[in-house]
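Please look through the structure below before reading on. The paragraphs that follow go from an aromatic pair to the cores and then to a sheet.

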Amino acid sequence: MSTTPINNKAKNYGGGYNKQYLTLLLADGILAFVNWSLMVEFISVIWFFPMGFMGFTGWEAALLAIFTPIFLGIGFINRVVSRFNLPIRLIAQLLAFLAIFPWAIDKASIKNDEFGIFSSPHVTKTFFVSVAVALDWLAQCNSFANVKSAVRRERGAYAYALAIALHAIIRLPYLSINPFMTWSNWIVFGMFLVVVAFVILMRENINASDEKKSGAIWSIEHETSSSSTVATGISFGGVIFFNQLLFSTYGLIPRWVGLNPFPYGLLVVLGIMAGIVISKKKDLITSRNFFIFALILSAIFGWCSGTVPFIVGFIGLISASLLGTYCNSLWIVLIEKVSNTEKLGQLFTSAMLTYTVLLFWAIYVVSYKFVPWWLGSTLLRERNQTLIIACVLAASFAFIYKSLRSSGGSSTKREKSNKDQPTYPNKDVFNVLFGLLVLLLLFSVNRAITHPTDSSIAGHHYTRDLTATSVTNTAPTDIKSMIWTIHFGYDNFGRNSFPNVTKVIKDHGANIIGLLESDLSRVMTSNRDLVEWVATELHMYSDFGPEPSRNTWGCALLTIFPIISSERVILPSPEGELACLIDAVLLIDQTPVNVIVTHFGNTEDVLDRKLQTEGAAAIVKKNADMPIVFLSYITTKVNTDNYRTLRASGLEDTTNEGRYCQYIFYKNLQLNKFQRFSSFDISDTEQQVASFSVIKENKQQEQQTQ
């Protein structure tokens, strides 16, 4: 598509620095940011039901809300949405903010195990968020497909790409949380910004209408495209999902390759922004070589994922960051293709089907146990490396399709026509990028100050002894261990429980904590990171456990004691979900203490639990000479075969009370106290806390002799 300005006013509209253009770009960016935030959050809102009820409830059908752009294929609806686009977006986004606002809950009015619209807070939230997403995504796609001019089209595309970058950046100071989707004061601020953006853009619409009447408007020349409607739709759905899967936060990719989210996640953000910078280099972006380069990067990233040496993980991080560059460089050309498409129903059907297939693939790689085999669960089990390749193929499909169909003559003609086109974004886009870089720098300084270090951990948890010449920090000599299944960071009403989890741990005074169901680095949990949050807020050492790319539900270790060594283990799971285990050695009172955190499989997978028990018992026996704290979720009752297998390895139980899931075992330690606490509404599982003292060598030998 090319455009011809009718008057001089339009000639500089998208050129160098232009206050009006920059203001409109920021206004578009606000609406795009809220839309993207809702798309990322929406999947976790739906997923709360199968997560909580271990099966389908019917509300999973709310996913159909993202299919509303299909109706743009109906001329009447498309015209109505085009005319009332901004009012629709205003209503939808304000409704979404009101739906996710953490209102006070009247527990007496909740009807358990019922799924009527007003039967429980999360059902109500799901309904209104679904309506909001349906309307806002409909209007957003309408603005992509029915632009008034090339300037608006390009501005809208840049606004959305910049919104994706901002979404990753804004989560940095909030430790993986998007504050606009979580905290009440930020939600109110978001509503204010949406209203401001609406007013700015409505004024532009009024001015554009006046210009149209006087003839002062851009004329549009549509160029024919060799990409098919279906191919363009596949790429659109692929780019949307690829960004949501890997680039909706800064810390996911470092976790995949065994690195810490900060500071390594900064490279991911820079990769996303680099994609925006090169997005006008059309010949590069649409070339086969660029596509092959992305395929190679996806293969390298997949190979470097998991528990790998630092240098291998760093190579994986660089590869994935460059994938972020690739994915976000496609925006401008892709939106141009979308706006050139006349069959909008066909376009968005293929787009949303592609998105849905990739989404279910991402869910199946870890949730295969809860999905029937005939829906493809066993076929896609643990196939996350191939998922990355599939995302690259989908995102690139329209460009590869065009490349394969283009003849040599048409390619030469295209190159000639693009010769005089700008190859970089305009100055206003660079101004916004510079602003994002400043934000990134400020947030990085803040994180560097608050990031847990040896000195900050000692300052918060150790006893400080002051003399005239020195300061000595003395670590506690007693162990206060805690095991807790934190329900993926959601409370029983589907709200973020990060602050509450942190407060409970702090109130208990626990200094060794095992958290289970702690891997939230997935598209269905909005790519959050509870381990990073708690470790930073409480100033603790942490071990995330097996990487998200290893497809477990997660087990994490947090402690105030130095971690000497740590091994992340996947226990045998031939039938059901993968079971994780952390085998760590901590230095406590100058004594190496073995701390094991593990989460076994489900009740129905008898063989899995037997093999997992034997594997965990073998690790205990291997470390037989050390004191051991065993924090576990072993899915069995007291005195069953699996329980006795663990006890036979030398472990002692902290109590003879009846339990089923969570257990704290120990060995070569003195048990001082064991307690069980209700989690109330923070989680669906109790907390267990056990206090121990380290037995010095001579006393330990005497005890073993007796």
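Is Trp553 buried or exposed? Trp553 is buried, with a relative accessible area of 8%, where buried means under 20% relative accessible area, exposed over 50% and partly exposed in between, with a 1.4 Å probe and protein chains only. This is a predicted model, in which local features need pLDDT of at least 70 and side-chain atom pairs count only at pLDDT 80 or more, whereas totals for chains, interfaces and linings use all residues. Residues are numbered from 1 along each chain as its sequence is written, and side-chain values use heavy atoms, with hydrogens and water left out.

The structure holds 32 aromatic pairs, a pair being two rings of Phe, Tyr or Trp (its six-membered ring) with centres within 6.5 Å, called stacked when the planes are under 30 degrees apart, edge-to-face when over 60 and tilted for the rest. Tyr160 and Trp331 form a tilted pair, at 5.3 Å centre to centre and with 45° between the planes. Because Tyr160 belongs to helix α6 (residues 150-170) and Trp331 to helix α14 (residues 331-339), this pair ties together parts that are 171 residues apart in sequence; helices (H or I, at least four residues) and strands (E, at least two) are DSSP runs numbered from the N terminus. Both Tyr160 and Trp331 are buried, and one aromatic cluster contains them together with Trp36, Trp137, Phe144, Phe236 and Phe348.

Tyr160 and Trp331 are also among the residues with the most contacts inside the largest nonpolar core, which has 199 residues; such a core is a set of buried Ala, Val, Leu, Ile, Met, Phe, Trp, Tyr and Cys residues joined through side-chain atoms within 4.5 Å. Helix α2 (residues 19-53) gives the most to this core, with 19 residues. A second, separate core of 18 residues includes Ala616, Ile619, Val620 and Tyr643.

An open sheet of 6 strands runs in the order β9-β10-β11-β12-β14-β13, with mixed pairing, where two strands pair if DSSP finds at least two bridges between them. The edges are held by β9 (563-571) and β13 (652-653), each with a single partner strand, so one side of each is left without a neighbour in the sheet. Within the sheet, β10 (residues 579-588) and β11 (residues 591-599) pair in the antiparallel sense over 9 bridges, and Asp583 stands opposite Ile596 in β11.
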